[in-house]
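Good morning, and thank you for coming. Please look first at the sequence and the structure.

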Amino acid sequence: MVRSVFDVVKAPLGWQVFADNVKIAGVYDSRGAALEAAALAASFAVSDGAGVQINVPGAEEERPKWATEFEIATTVLPGREAAADPLSAPDMTGSSSVRRIIDGD
């Protein structure tokens, strides 16, 4: 039996739907709207006798990769606390070079 896999994927400006790794639809405003489009496309595949699988990421999976890695790094590194404001973190000389650039100094 043939199985089609439909994936709802976070895009830069919204959500997209892929069927068997091929983009089949436009960009949707919400994950729910993209799911509805995937379900409609999957219903046509079911009508043709194919099996379907629809994958939709959860809220945790849609977090940016850097945010997840930062959270892991701050929990793994002993004795290091995360800076409350990343822009105020001091550089090697003890001053904040990022803040100087932003403030124009």
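Helices and strands here are DSSP runs, numbered from the N terminus: a helix is a run of H or I of at least four residues, and a strand is a run of E of at least two. In those terms, the order of elements along the sequence is β-β-β-α-β-α-α, which gives the chain three helices and four strands.

The model is predicted: local features need pLDDT of at least 70, side-chain atom pairs count only at pLDDT 80 or more, and totals for chains, interfaces and linings use all residues. Residues are numbered from 1 along each chain as its sequence is written, and side-chain values use heavy atoms, with hydrogens and water left out.

Let me begin with the chain as a whole. Accessible areas come from the Shrake-Rupley method with a 1.4 Å probe, and for residues only the protein chains shown count as cover. The accessible surface of this chain is about 7700 Å², and carbon and sulfur atoms hold 59% of that. A residue is called buried under 20% relative accessible area, exposed over 50%, and partly exposed in between, with a 1.4 Å probe and protein chains only. The chain has 105 residues, of which 20% count as buried. A contact means heavy atoms within 4.5 Å. Among contacts in the chain with a separation of 6 or more, 35% are between residues 24 or more positions apart.

I turn now to the sheet. Two strands are said to pair if DSSP finds at least two bridges between them. In what order do the four strands stand in the sheet? The order is β3-β2-β1-β4, in an open sheet with mixed pairing. The edges are taken by β3 and β4, each with a single partner strand, so one side of each has no neighbour in the sheet.

Consider the pairs one by one. Strand β1, residues 3-11, runs parallel to β4, with five bridges between them. Strands β1 and β2 are antiparallel and are joined by six bridges; a hairpin of two residues connects β1 to β2. Asp 7 illustrates both pairings: its bridge partner in β2 is Phe 18, while in β4 Asp 7 stands opposite Asn 55. Strands β2 and β3 are also antiparallel, with two bridges, and Ala 19 stands opposite Val 22 in β3.

Why is β2 described as largely enclosed by the rest of the structure? Five of the six residues of β2 are buried.

Most residues other than glycine have a negative phi. Asp 20, however, has a positive phi near 50°, and the phi of Asn 21 is positive too, at about 65°. Asp 20 is partly exposed, at 43% relative accessible area, whereas Asn 21 is exposed, at 68%.

Next, the helix that covers part of the sheet. Helix α1 lies across β1, β2 and β4, and runs at about 165° to β1; axes are lines fitted to C-alpha atoms, for helices over the stretch in contact, and angles run from 0 to 180 degrees between N-to-C directions. Leu 35 belongs to helix α1, residues 31-47, and is partly exposed, with a relative accessible area of 37%.

Is Ala 50 buried or exposed? Ala 50 is buried, with a relative accessible area of 17%. Leaving aside neighbours within four places in sequence, Ala 50 is in contact with Val 2 and Ala 45.

Finally, Ser 4 in strand β1 is buried, with a relative accessible area of 12%. Beyond its neighbours within four places in sequence, Ser 4 has contacts that include Asp 20, Ala 45 and Gly 51. Thank you for your attention.
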